[in-house]
Amino acid sequence: MGPLPRSLELFYDVLSPYSWLSFEVLCRYQNIWNIKLQLRPSLIAGIMKDSGNKPPALLPRKAQYLRQDIKLLRQHFQIPIQFPKDFISVILEKGSMSAMRFLTALSLEHPEMLEKVSRELWMRVWSRVRAGLWESSGRTLGDFLTLPRPPSRAIILPSPDEDITEPQSILAAAEKAGMTIEQAQGILEKISTPKVRNQLKETTEAACRYGAFGLPITVAHVDGQTHMLFGSDRMELLAYLLGEKWMGPVPPAMNARL
Amino acid sequence: MGPLPRSLELFYDVLSPYSWLSFEVLCRYQNIWNIKLQLRPSLIAGIMKDSVSCPLLKTRDDIKLLRQHFQIPIQFPKDFISVILEKGSMSAMRFLTALSLEHPEMLEKVSRELWMRVWSRAAEKAGMTIEQAQGILEKISTPKVRNQLKETTEAACRYGAFGLPITVAHVDGQTHMLFGSDRMELLAYLLGEKWMGPVPPAMNARL
């Protein structure tokens with residue numbers, strides 16, 4: 001029996017595009033590196049408030065940079081990420097409380113669905129693509145772009161599909177991820193319970209205690225030490241800390257571990 | 001004759017630790033990739049004048065890790081607040097600006113020496129003669145040098161900088177601005193070059 005897998009915690013919010021990038025890279029590497037990936041749905045608004053930081057998009061030059069950065073990273077990371085049409089409304093005004101509570105409830109009741117449903121929620125907000133046509137493992141952006149599309153689906157979908165605040169939106173995401181209506185409704189009913197609300201609060205506070213001033217943060221527990229890495233562009237450094245090999249954001253062998 | 005080298009501009013300030021990381025990585029790759037690295041001394045204070053919270057205090061742990069990963073002897077200065085926030089870097093950056101006009105061949109070494117002074121306990125000599133150094137020092141308050149620093153800083157702002165370092169890559173008629181020292185792999189992707197980590201094995205692969 002080999003060495004124990006190293007625990008990695010990913011604190012994320014579906015409002016955060018860079019969280020999506022970290023998420024996909026870590027999901028790709030979870031079957032390559034000797035790690036145990038623990039997904040920690042958090043509230044970026046809570047972290048900003050606690051740290052006194054501000055969303056970068058509020059600074060005009062940062063907002064501009066974000067747009068071009070996301071365009072480049074889309075290709076480099078092979079993730080179909082795109083700025084929502086109605087960015088201000090979706091990201092800055094509506095927020096992600098219900099969605100992150102839903103994911104929190106999932107983490108308590110159906111943790112095995114957490115990865116897929118998280119992805120679906122990102123797809124709603126940060127992509128014009130629907131997950132039925134794209135999955136993280138085994139498909140490249142190039143594959144996606146050449147797939148035939150049913151004529152009834154528009155390539156650019158209007159704003160309502162970017163919503164993640166209405167119950168119907170969250171249910172739609174959950175169903176696309178493979179949950180049954182009953183399962184999804186069952187989870188939805190729990191999102192306002194004290195248990196779920198407290199859990200989200202605690203997870204967000206845990207991120208703050210690790211020193212988060214934004215999301216995503218990846219917390220690596222290695223040889224008795226804890227390292228907090230901020231952002232999606234620290235994966236090579238993470239590999240270095242883990243003593244693992246970095247093969248870029250799209251590693252060739254996504255199922256190298258038996 | 002092969003394709004023309006792609007022009008990369010690095011806008012930096014010696015007050016910025018991440019600028020040092022970008023600088024060293026690009027210096028290492030300038031003899032490996034088909035690039036022409038152009039150093040652009042700038043004033044971070046001028047870019048962040050609509051300021052904002054000081055992010056530097058969160059970087060202490062980060063710097064410790066990056067030191068090993070990048071193999072650069074970078075350390076938080078003892079009197080951090082004084083050095084970074086109070087003293088600033090105007091003279092140093094004017095000095096480098098003057099160098100860029102008078103002795104551009106010294107720019108890399110002297111920049112490194114200045115980072116070493118602020119961000120390392122290990123200072124080395126940069127190899128300038130006393131006369132050269134004095135000559136440069138006499139020029140740092142001239143309008144020519146002051147204007148050049150101002151123009152370079154403004155150029156960074158026009159590229160969309162909200163901090164430093166920024167690396168501006170001119171590739172196939174397009175211009176890409178990348179912020180931070182952790183975008184080198186993405187830069188390699190844009191250039192169609194191979195990324196071999198922050199400490200590439202063959203630092204003299206190009207003849």
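Predicted model: local features only at pLDDT ≥ 70, side-chain atom pairs only at ≥ 80, totals over all residues.
Q: Why is B:Ser16 called buried?
A: Its relative accessibility is 4%, and buried means under 20%, so B:Ser16 counts as buried.

Q: What makes B:Ser16 a residue to look up, and where is it found?
A: UniProt lists B:Ser16 under "active site", in an unreviewed entry. The residue is found in the loop between strand E1 (6-12) and helix H1 (17-29) of chain B. Leaving aside neighbours within four places in sequence, B:Ser16 is in contact with B:Ile44, B:Trp115, B:Trp119, B:Leu164 and B:Pro165.

Q: Why is the pair B:Arg183 and A:Asp69 called a salt bridge?
A: The closest N and O atoms are 2.4 Å apart. A salt bridge needs a side-chain nitrogen of Lys or Arg within 4 Å of a carboxyl oxygen of Asp or Glu, so this pair qualifies. Across the interface of chain B and chain A, the rule finds four salt bridges, and eight residue pairs are in polar contact.

Q: Which parts of chain B supply the side that touches chain A?
A: Helix H3 (60-70), strand E4 (174-179) and helix H9 (184-191) each supply at least two residues. H3(B) gives the most, with five residues. By class, this side has 15 nonpolar, five polar and six charged residues.

Q: How many residues does the contact take, and what area is buried?
A: Chain B gives 26 residues and chain A 23 residues. About 2300 Å² is buried between them, with carbon and sulfur atoms giving 56%. In chain B, B:Leu65, B:Phe162 and B:Arg183 lose the most area to chain A, together 25% of what that side buries.

Terms used:
Residues numbered from 1 in each chain as written. Chains lettered and ligands numbered in written order. Heavy atoms only, no water. Contact = heavy atoms within 4.5 Å. Buried area = accessible area lost by both parts, 1.4 Å probe. Polar contact = N/O pair within 3.5 Å; in protein donor to acceptor, adjacent residues only side chain to side chain. Helix = DSSP H or I, 4+ residues; strand = E, 2+ residues; numbered from the N terminus. Nonpolar A, V, L, I, M, F, W, Y, C, P; charged D, E, K, R; others polar. UniProt positions renumbered as here; feature names shortened; annotations may be inferred. Buried < 20%, exposed > 50% of the residue type's maximum accessible area, 1.4 Å probe, protein only.
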